[in-house]
Amino acid sequence: MRSLRPIDRLIQANSELVRVVVCRVVGTWGLKDDELLACGLVGLWQAAKRYRKGRGTAFNTYAWCCVANKLRDELRRRGRQYNRVLSRLPADESSVRWVA
């Protein structure tokens with residue numbers, strides 16, 4: 001078996017952090033979504049790529065912020081998509097043509 005690169009070990013060791021952040025950031029709204037977990041893992045990967053050890057911050061603290069921000073961006077994006085769909089709907093029922 002091939003040994004893991006340091007970045008892979010860092011991601012593997014902190015993957016549970018993603019689940020915790022998703023539950024904290026998103027769980028309060030009752031949303032549970034595999035896409036959000038995947039989005040959180042992307043945030044963790046970005047944190048692992050950008051983290052600099054000598055800056056005085058623990059990796060899990062830095063990763064928490066990166067994952068939470070990535071999730072917030074995703075929720076904002078979803079909100080904009082949802083608002084676009086709603087804006088295309090007619091304003092009142094009188095303009096809807098019902099088909100039987």
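Guide: Here is a tour of the labels, each set against its rule.

Guide: This is a predicted model, where local features need pLDDT of at least 70 and side-chain atom pairs count only at pLDDT 80 or more, while totals for chains, interfaces and linings use all residues. Residues are numbered from 1 along each chain as its sequence is written, and side-chain values use heavy atoms, with hydrogens and water left out.

Visitor: What makes up the pattern of the protein along the sequence?

Guide: The pattern reads α-α-α-α, with four helices and zero strands. Helices are DSSP runs of H or I with at least four residues, strands are runs of E with at least two, and numbering starts from the N terminus.

Visitor: How do you know whether Y51 is buried or exposed?

Guide: Buried means under 20% relative accessible area, exposed means over 50%, and partly exposed is in between, using a 1.4 Å probe and protein chains only. Y51 has a relative accessible area of 18%, so Y51 is buried. F59 is buried too, at 8%. Y62, at 27% relative accessibility, counts as partly exposed. Across the protein, buried residues make up 25% of the 100 residues.

Visitor: Why is the pair of Y51 and F59 called edge-to-face?

Guide: Rings of Phe, Tyr and Trp (its six-membered ring) pair if their centres lie within 6.5 Å; planes under 30 degrees apart count as stacked, over 60 as edge-to-face and the rest as tilted. The structure holds two aromatic pairs. In one of them, the centres of the Y51 and F59 rings are 5.2 Å apart and the planes stand at 80°, so the pair is edge-to-face.

Visitor: And why is the pair of Y51 and Y62 called tilted?

Guide: The ring centres of Y51 and Y62 are 5.9 Å apart, and their planes stand at 45°, so this pair is tilted. Y51 lies in the loop between α3 (34-50) and α4, whereas Y62 is in helix α4, so the pair ties together parts that are eleven residues apart in sequence. Y51, F59 and Y62 form one aromatic cluster.

Visitor: What is F59 in contact with, beyond its neighbours within four places in sequence?

Guide: Contact means heavy atoms within 4.5 Å. Leaving those neighbours aside, F59 is in contact with L10, N14, L44, A47, A48 and Y51. F59 also belongs to the largest nonpolar core, where it is listed with V21, L44, A63, V67 and L71 as having the most contacts inside.

Visitor: What makes a set of residues a nonpolar core?

Guide: A nonpolar core is a set of buried Ala, Val, Leu, Ile, Met, Phe, Trp, Tyr and Cys residues joined through side-chain atoms within 4.5 Å. The largest one here has 20 residues. Each of α1 (6-13), α2 (15-25), α3 and α4 supplies at least two residues of this core, and α4 gives the most, with seven.

Visitor: Why is W64 called partly exposed?

Guide: W64 has a relative accessible area of 28%, so W64 falls in the range for partly exposed. The residue lies in helix α4 (residues 59-88). Its contacts, leaving aside neighbours within four places in sequence, are L17, V20, V21 and R24.

Visitor: How do you know that E16 forms a salt bridge with R19?

Guide: A salt bridge is a side-chain nitrogen of Lys or Arg within 4 Å of a carboxyl oxygen of Asp or Glu. For E16 and R19, the closest N and O atoms are 3.8 Å apart, which meets the rule. Being three residues apart in helix α2, E16 and R19 are separated by about one helical turn. The structure holds six salt bridges.

Visitor: Which parts of the chain does the pair of E35 and R78 link?

Guide: The side chains of E35 and R78 meet in a salt bridge at 3.1 Å, N to O. This pair links distant parts of the chain, with E35 in helix α3 and R78 in helix α4, 43 residues apart. R77 forms a salt bridge with E74, where the closest N and O atoms are 2.6 Å apart. E35, E74, R77 and R78 are linked in a network of salt bridges.

Visitor: How many disulfides are counted?

Guide: A disulfide is a pair of cysteine sulfur atoms within 2.5 Å, and by this rule the count comes to zero. C39 counts as buried at 11% relative accessibility, whereas C23 is partly exposed at 44%.
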